[in-house]
Structures are given as C-alpha cells and as structure tokens.
Amino acid sequence: MVLDDYGEVQKIPAGGEPPADSRYFTLSDGTMIVSKKYQDELWKSGEGLFLTGPGIPEGGIKPVESVYADYSAYFEEYGNIRYIIEARFELPSAPVSEELLSGYAIRLFDFEKPVEFALKSVPEYGTLEELAKEENGSIDTHDGISIISMGEKVKEGILISWYVYSEEGKPSIAISYKTPSLDTDTPPLDMPTISGNGRQYEIKALSANPYWDNLGNYRLSDIKQYGRRLRCLFEVPQEEQDGPFQIHIPGITFLNSEESAPVTLPVPEDYEELNETIPWRDGSVRILGITRMKEPQTAKNQEGQGNAIAAERPAIYIDVAAVHEDRELALKALLCQSKVGGSRWERQRYEFDEKGNLSGFRIFYKEGDTEVTLKFHGAAFYWNQPYEMQIDKIK
C-alpha cells in the first residue's frame, strides 16, 4: 500500500530538537520533518493493521509479517510525505467460490474508514510467452534466462517491472543501474533505457525509489518461487505515457553469496604468472598473477575499541578476472580475506580498473611468511548480454 499525505507538515530547523514522542526524518539541508500521524509505537505494537472479510473472524486478522517506511527523498522531490506499507496475510481458508472474492477490507492505523478491495482469481498460463502476452508485457530470453517487462502508468512517470526467470532454478540476478561493487567511486554500469514517441527517457534517480519493493515473488504458477521482480521508474510525462515503448537492458548481474574454499599461494620473489580458478555457480574468478610489492604498504590495523592504527607491512598483489566458457563476464564485486593465524581472517583491499571492473587485491602478510591463504565470497558477475523488449500497452 502507498499512503500519500498532502497535509501540512511540522518542520524543525536544522539543529533543533524534534518532539520526543514523534517519528521524524531529516532532509538534506538538515531540516527535520515530523510525522505526527503514524507513530512507530503503534506499528510495533501490531495494532495498526487488520484484514477483514469473508471467512475471517469479526475482529480481523493481523499480518504475518509487515514493513512500514517513509522516505525523505520523496518529500524533497514532490513536496508530500509518502508512506509505504507491505504486509502479508494468511487467510484461515481459501474462498470456495467467485462470490466470496469481494468484501475484503484493510483497517489501517487511525483512518476512520477501512480500505475496501476484492480478491481475484489468479490466471494460469502454459508458457512464459503466453503469460507475457496476456499481461500486456514482453519477453526476451538468452541462454535459458528470461526477462518479462511490464509497464504501469504512475504520476511520477512509467514504472517498469522486470520479472527474471531462469531454467536452472533459483537465480540471484540483478538488473542494475549502478555498479553493485563495494567501491562507490567506480564507474556505473550502462543504464537500462526505454524509448518511445521519438524520445529516450531517463531513469528517475531518487535516493529512495518512490515505489519501494522487496523484490518479492511474482506468484503465478509458471513463475513459482523462481520469479524475482525488479522495478525501475522512468521519467515519462503523463501526456506521453501511452506508448508503445522499447525496453533496452544492456546486461544483467549474477550475485553469488557462497564462500570459496581456501586457496594457498606462495609469496614470490618478484612476479609469478598463475592460472588458479575459483568457481562459483554463475562464473569463475581466475587469479592471473601474483606480484611481491617492492616496498612495504600502509595498512590500517584495528586495535582496542576500533581505533585505526596505520602500519607499514609487506604485501603482495594478485590480478584477477572473471571467466566463463560461454558468457562474456566482468567481475563487479568480490571480497577477499587472508588467514592471519588461528581462526582469524583479515579482509583485504580490492581495486578497480578504469571500466569499473574489479581487477585485483592488495594483500598484506607477516614478515617472513612464505605463503598466504585466501578465501573469497560475494562474487558479482556482470553479463554483457542485451535484452530487447517492446511493451505495446501500458496499464
């Protein structure tokens, strides 16, 4: 649910004190906006949201899980507070007839009237292509990975939803418009675009998407648990929203959370070429070479209560790259840790090239060590594979 509050807001100048019993957020200039209506305590108590309807006890049922948020970025952009509520309810029993799909309502916070709605039967489709056609979407498939695009008109522009489906099972795939690396200074990936009416439209880049989404499942029988929704807002004026629109996604990113097995490398006298491959499900990282750095490098060690102490330590540098038999991959994120004794592991520095690809690690070791033991996790592989779709009808 999306709640837009157009009422007057209480503003407190930068440096002021907000009321102790109120929820508030801070704008970029330091001004605080106080939210009087929806108190955090009410939400946490579980008394702010109930579902009523056929087959449900008279007092209603609470959600099994829920999330409540507001965004200062939306207020700064559009001038009103927007609240986002996502809630999941479990009905005591399924409706047994079409007549019982109506009559549901949400009792919400301190609203006097409930929000009424009806359920609808979910259609089932035999193929992804049939699903895309009947839902006014479009599909493109490469190497067993399909993306379905659907569009929705909203006051801020056109909201594009992408549903990712992989024949291999549960994919962790992102359609990104910024580099999913750990370094915020690296160049962004090429952005998805939509075009129509003789124009190409830009992504509406807010620090918080006005249509917040938890990347949940698209619950049609063909998608099952494998479908993953990603959303992006494009800045299309309302008078230009009728379409058709062409969708261009320049590539997708495979996210891997698994940790690699430890890898032990010798510390060379100078440089040594390597061909050590570390596999993940969606690609591999290859260590191409290892260099013993001639001069000690500055490292920051953590001591005591988190105080950073700079120290000169010997270091090696390893060159890495993403590899795959069939796909053109680039390495966009990876964490490396080295064993420093016992069960302790130390995170090492990563570096990026001019294209924003993770290219290597600077690894510190103790004077006198002849080898280093490393482990890796958090690999993100970018597949330079364009997806092209056309949406003829925007809902």
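Buried means under 20% relative accessible area, exposed over 50% and partly exposed in between, computed with a 1.4 Å probe on protein chains only. All views show a predicted model, in which local features need pLDDT of at least 70, side-chain atom pairs count only at pLDDT 80 or more, and totals for chains, interfaces and linings use all residues. Residues are numbered from 1 along each chain as its sequence is written, and side-chain values use heavy atoms, with hydrogens and water left out.

**View A. The whole protein.** Of its 395 residues, 46% count as buried.

**View B. The largest nonpolar core.** This core has 52 residues, and Ile-318 and Phe-376 have the most contacts inside it. A nonpolar core is a set of buried Ala, Val, Leu, Ile, Met, Phe, Trp, Tyr and Cys residues joined through side-chain atoms within 4.5 Å. Strand E29 (residues 371–383) gives the most to the core, with six residues. Apart from it lies another core, of 17 residues, including Leu-49, Tyr-83, Tyr-104 and Leu-108.

**View C. Surroundings of Ile-318.** With neighbours within four places in sequence left aside, the residues in contact with Ile-318 include Leu-265, Ile-287, Ile-290, Phe-361, Ile-363, Leu-374 and Phe-376. Gly-289, Ser-359 and Gly-360 are also in contact with Ile-318. Contact means heavy atoms within 4.5 Å.

**View D. The five-stranded open sheet.** The strand order is E20-E21-E24-E28-E27, with antiparallel pairing; two strands pair if DSSP finds at least two bridges between them. Strand E20 (271–279) and E27 stand at the edges with a single partner strand each, so one side of each has no neighbour in the sheet. From one strand to the next, the twist averages 25°, taken between N-to-C directions on a scale from 0 to 180 degrees, with axes as lines fitted to C-alpha atoms.

**View E. Strand E28 and its partners.** Strand E24 (residues 315–323) runs antiparallel to E28 and is joined to it by five bridges. Ala-315 stands opposite Phe-364 in E28. Strand E27 (residues 349–352) pairs with E28 (residues 358–364) in the antiparallel sense over four bridges, and Tyr-350 stands opposite Phe-361 in E28. E27 and E28 form a hairpin with five residues between them, where Gly-356 in the turn has a positive phi of about 85°.

Terms used
Helices (H or I, at least four residues) and strands (E, at least two) are DSSP runs, numbered from the N terminus.
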